[in-house]
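Me: I would like to learn how to read a predicted model feature by feature, with the general idea set out before the particular case. Could we work through it in that order?

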Amino acid sequence: MKPNISIVGGGPAGLMAAYILSKNKFCVTVFDRKPTVGRKFLLAGRGGLNITHSEVKNTFIKKYGKASEKFKKLLDSFSQEDLRDFCKKLGEDTFIGSSGRIFPKSFKSSPLLRSWLSKLKEQKVIFNTNHDWVGWKKDHLVFINNKNEVLVKPDLTLFALGGLSWPKLGSDGSWIKIFEKENIKISKPQPSNCGFYVNWTDIFREKFRGQPLKTIKLKHKNLEFKGEFLITTEGIEGGLVYTLSSFIRENINENGYAEVIIDLKPDLRIDQIEKRLSSEYPKLSLTNLLRKTLKLSNVAIGLIVELRNKKQIKTFEIKKLAYIIKNYKLILEKPFAIERCISTAGGINFESIDENFMIKNNRKTYVIGEMLDWEAPTGGYLLQACISNGAFVAKQIIREYS
Ligand SMILES: Cc1cc2nc3c(=O)[nH]c(=O)nc-3n(C[C@H](O)[C@H](O)[C@H](O)COP(=O)(O)OP(=O)(O)OC[C@H]3O[C@@H](n4cnc5c(N)ncnc54)[C@H](O)[C@@H]3O)c2cc1C
């Protein structure tokens, strides 16, 4: 007989497992503590839902770092193409952007989620929202619903409880203590795809917070990427910073701070910069010189002036100035709090689960999605991993019980 399955957590990982299981006539109930499911998925669509990436598999898989090998079979089970087909089936065609990232044509997640949920209802999935999972009592799952305790005894449970970012949307890591009590090993949750604190002067902060620093190169150790990031009240954040964030975070964990180098004029060599500066030096003020000869933005000029504000430099002669423009050193103090990050590193350790994502000391329980110990940069890698993970486990269950 087919097992009765409880999926706890209605994010993309849980909803994909629900889709495949219910399509194969398994009886599925989705529980979520929030009044509606998929809230983080909806937020992800606010700035353009980057659902996956078009990279070839071997390149794609490397983005999962030390979990790459484990995730290879997830992509084999449900590839980027499968995800695009799934979106198409739900009425949302996708396209490949200039950077290779893949988006639904509408850019949004709401139409996709709407038709995903209506498909699930059509396939007879039951939704028990406002059900907060708080632990186990013997072989029952315990939920709190409207202050009442609800006990549920499924044949199989899939937990897809997410990471710790944006806790208002439902996933806040409250599951960690419960799992630890069961001796399930958890790697410490840490911010991923996050911004970092910088000790700006008040003058710089007031003038430039909220402004982007564009067309620059950001370097950390032997890694460097071109792009832009945002100056915030407390530091820096944005796509380019997220790309390096796992390496920067580890460096801070080791040394207490991390150093990044900004190339403020990546398209010019240092000798070309010197030549341009010389043409007007010392006729113009520092600000006008940088603006006129190099067309540096106000933020970039602000960063250079910041060195004077901080009394790190008194005079700017040409060679020194050109060097700073190509090698602007910024000290990052610590990552922003996990609550405001895009995703979470750390989570349930792979040692605690078997090759089918089943908890080793609990033969009826699977764990999937962001609550596991892996991380990846932004670029569609997060959603693809969560969704492929849900699909993989669902297919394993179907194989075992059909
Ligand atoms: C601002 C932002 C933008 C993003 N943009 C992108 C993007 O463009 N591309 C991309 O690939 N990724 C993006 N992500 C990341 C992506 O949204 C997440 O990685 C993904 O949603 C994780 O899926 P999940 O199913 O594992 O967990 P979640 O989506 O977090 O879902 C977990 C669910 O579990 C429920 N839950 C938690 N605890 C309990 C409990 N105790 N009882 C009952 N229910 C519970 C929660 O309410 C929630 O519904 C973005 C994230 C953020 C914050």
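Me: Which residues of helix H5 are buried?

Reply: A residue counts as buried if 20 or more other C-beta atoms lie within 10 Å of its own, as exposed if 12 or fewer do, and as partly exposed in between, with the C-beta atoms placed from the backbone. Helices (H or I, at least four residues) and strands (E, at least two) are DSSP runs numbered from the N terminus. In helix H5, which spans residues 80–89, the buried residues are Gln 80, Leu 83, Arg 84, Phe 86 and Cys 87. Seen down the axis of H5, these buried residues fall within an arc of 155° (the arc of the directions from the helix axis to the C-beta atoms), so they line one face of the helix. The general idea is that an α-helix has 3.6 residues a turn, so residues three or four places apart point the same way. Before we go on, note that this is a predicted model, in which local features need pLDDT of at least 70, side-chain atom pairs count only at pLDDT 80 or more, and totals for chains, interfaces and linings use all residues. Residues are numbered from 1 along each chain as its sequence is written.

Me: What lies on the other side of H5, and what covers its buried residues?

Reply: On the other side of H5, Glu 81, Lys 88 and Lys 89 are exposed. Two residues are in contact if their C-beta atoms, placed from the backbone, lie within 7 Å, and what covers the buried residues of H5 includes strands S3 (52–53), S4 (94–96) and S5 (101–104), together with helices H6 (110–122) and H14 (381–401).

Me: Where should I look for a positive phi, and how should I read one?

Reply: Most residues other than glycine have a negative phi. Phe 107 sits in the loop between S5 and H6, and it counts as partly exposed, with 15 C-beta neighbours inside 10 Å. Lys 221, another residue other than glycine, has a positive phi near 50°; its place is in the loop between strand S13 (212–220) and strand S14 (223–231), where it is partly exposed, with 13 other C-beta atoms within 10 Å.

Me: How many bridges join S7 to strand S8, and how many join S8 to strand S9?

Reply: Two strands pair if DSSP finds at least two bridges between them. S7 (132–137) and S8 (residues 140–145) run antiparallel and are joined by 5 bridges, with Phe 143 in S8 as the bridge partner of Trp 133. The two strands form a hairpin with 2 residues between them, and Lys 138 in the turn has a positive phi of about 50°. S8 and S9 (residues 148–152) also run antiparallel and are joined by 5 bridges, among which Leu 141 has Val 152 in S9 as its bridge partner. In the hairpin of S8 and S9, with 2 residues between the strands, Asn 146 takes a positive phi near 50°.

Me: Which residues are closest to the ligand, and which element gives the largest share of the shell around it?

Reply: A residue is near a molecule if its C-beta atom, placed from the backbone, lies within 6 Å of it. Here 38 residues surround the ligand, the closest being Gly 9, Gly 11, Gly 162, Gly 170 and Gly 369. The elements that give two or more residues to this shell are helix H1 (12–23), helix H2 (39–44), strand S7 and H14, and the largest share, 5 residues, comes from H2. By class, the shell has 18 nonpolar, 13 polar and 7 charged residues, where Ala, Val, Leu, Ile, Met, Phe, Trp, Tyr, Cys and Pro count as nonpolar, Asp, Glu, Lys and Arg as charged, and the others, Gly among them, as polar.

Me: How is the protein chain divided into domains?

Reply: Domain bounds come from an automatic or database domain assignment, which here gives domain 1 (4–191 + 344–401) and domain 2 (196–332). Their centres, taken over C-alpha atoms, are separated by 39 Å, and 6 residues of domain 1 are in contact with 5 residues of domain 2.
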